[in-house]
Amino acid sequence: LDQFALLLVVQTSVEHLPNLHAKILHNTMVCCLHRIKVPAVLVCSVYILYYLVSIYQVNAKYKLTDKCPDVGYFRNPDSCQTYFFCKSQGSEPEPRSCPENLEWKGPETDCGPPETVQCGGKQNPQEKKEEENMKSVYLYLTFDDGPNPGTPNTLDVLKKFGISATFFVIGQRVEGDSKAADSKMMVRMVEEGHVIGDHSYDHMKHNFDTAPPWNVYRGVNDDLQWFGQKNINAVNQSMIKAG
């Protein structure tokens, strides 16, 4: 009965100690009971004292001053190898430990090699790769239906911050001698490092009807002729005239 009681105590408590403590305890218990024949009550008393001292030392080492915020497992901010288990909200955190050379990765008792674990500000390879990919993300700014009265202000802001953009222009708006100012804006776009895109020659005004929908695509073959060379010619000629 005494041995059974001791085994029960060990079974319910050994998991709360770091692995090294558990191994020492197990070996000591077996030696005392089966080889030295020490009474189980004495072994149990020594174990309980040892357990309490161990918990105190571990708690002191890892600064367990806070109560459990919730039920579950939590990282130890001062150690990558150890973590805490909380039985209930407001209870005392119970320190746990990963095997030697492994670190806690969560969400429960999972441990892994240091290179796969994020701990102490370091990142695992996958997270590092994702962060590096984020640094390579580009935001493309595009402006349609120009040039128009707001284009100079847009160019001023882009120049101030050193940003390049793409302007999808309408050839009809820069065609003819009366559009010289708009033609100069086209030249400025190129000189300041922007890209000029094709937004059709007339913004589909050739499909304008008295009833909506207006300026919409009606047929691929008919509408394609208003893109490409027809728009390019108008833009190029206006920029040549503007110098």
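A disulfide is a pair of cysteine sulfur atoms within 2.5 Å. The structure holds 2 disulfides. This is a predicted model, in which local features need pLDDT of at least 70, side-chain atom pairs count only at pLDDT 80 or more, and totals for chains, interfaces and linings use all residues. Residues are numbered from 1 along each chain as its sequence is written, and side-chain values use heavy atoms, with hydrogens and water left out.

**Disulfides**

- C68 and C86 form a disulfide, with their sulfur atoms 2.1 Å apart. The torsion about the S-S bond of C68 and C86 is about -80°, so this disulfide is left-handed. The pair links distant parts of the chain: C68 is in the loop between helix 3 (40-61) and strand 1 (72-75), and C86 is in strand 2 (residues 82-86), 18 residues apart.
- Helices (H or I, at least four residues) and strands (E, at least two) are DSSP runs, numbered from the N terminus.
- Both C68 and C86 are buried. Buried means under 20% relative accessible area, exposed means over 50%, and partly exposed lies in between (1.4 Å probe, protein chains only).
- A disulfide also joins C98 to C111, at 2.0 Å from S to S. The link of C98 and C111 is left-handed too, with -75° about the S-S bond.
- C98 is buried, with a relative accessible area of 1%. C111 is partly exposed, at 25%.

**Salt bridges**

- A salt bridge is a side-chain nitrogen of Lys or Arg within 4 Å of a carboxyl oxygen of Asp or Glu. By this rule the count comes to 5 salt bridges.
- E92 forms a salt bridge with K67, the closest N and O atoms being 2.3 Å apart. The pair links distant parts of the chain: E92 is in the loop between strand 2 and strand 3, K67 in the loop between helix 3 and strand 1, 25 residues apart.
- E92 is partly exposed, with a relative accessible area of 44%. K67 is partly exposed, at 48%.
- R96 and E94 meet through their side chains in a salt bridge (3.5 Å, N to O). R96 counts as buried at 9% relative accessibility, and E94 is buried at 14%.
- D156 and R188 form a salt bridge at 2.5 Å, N to O. D156 lies in helix 5 (residues 151-160) and R188 in helix 6 (residues 180-191), so the pair ties together parts that are 32 residues apart in sequence.
- Salt bridges that share partners join K87, E94 and R96 into one network.

**Aromatic pairs**

- Rings of Phe, Tyr and Trp (its six-membered ring) pair if their centres lie within 6.5 Å; planes under 30 degrees apart count as stacked, over 60 as edge-to-face and the rest as tilted. By this rule the count comes to 5 aromatic pairs.
- The rings of F143 and F167 have centres 5.2 Å apart and planes at 20°, so the pair is stacked. F143 lies in strand 6 and F167 in strand 7 (residues 166-169), so the pair ties together parts that are 24 residues apart in sequence.
- F143 counts as partly exposed, at 28% relative accessibility. F167 is buried, at 4%.
- Y201 and W226 form a tilted pair, 6.2 Å centre to centre with 35° between the planes. Both Y201 and W226 are buried.
- Ring pairs link Y73, Y83, F85 and W104 into a cluster.
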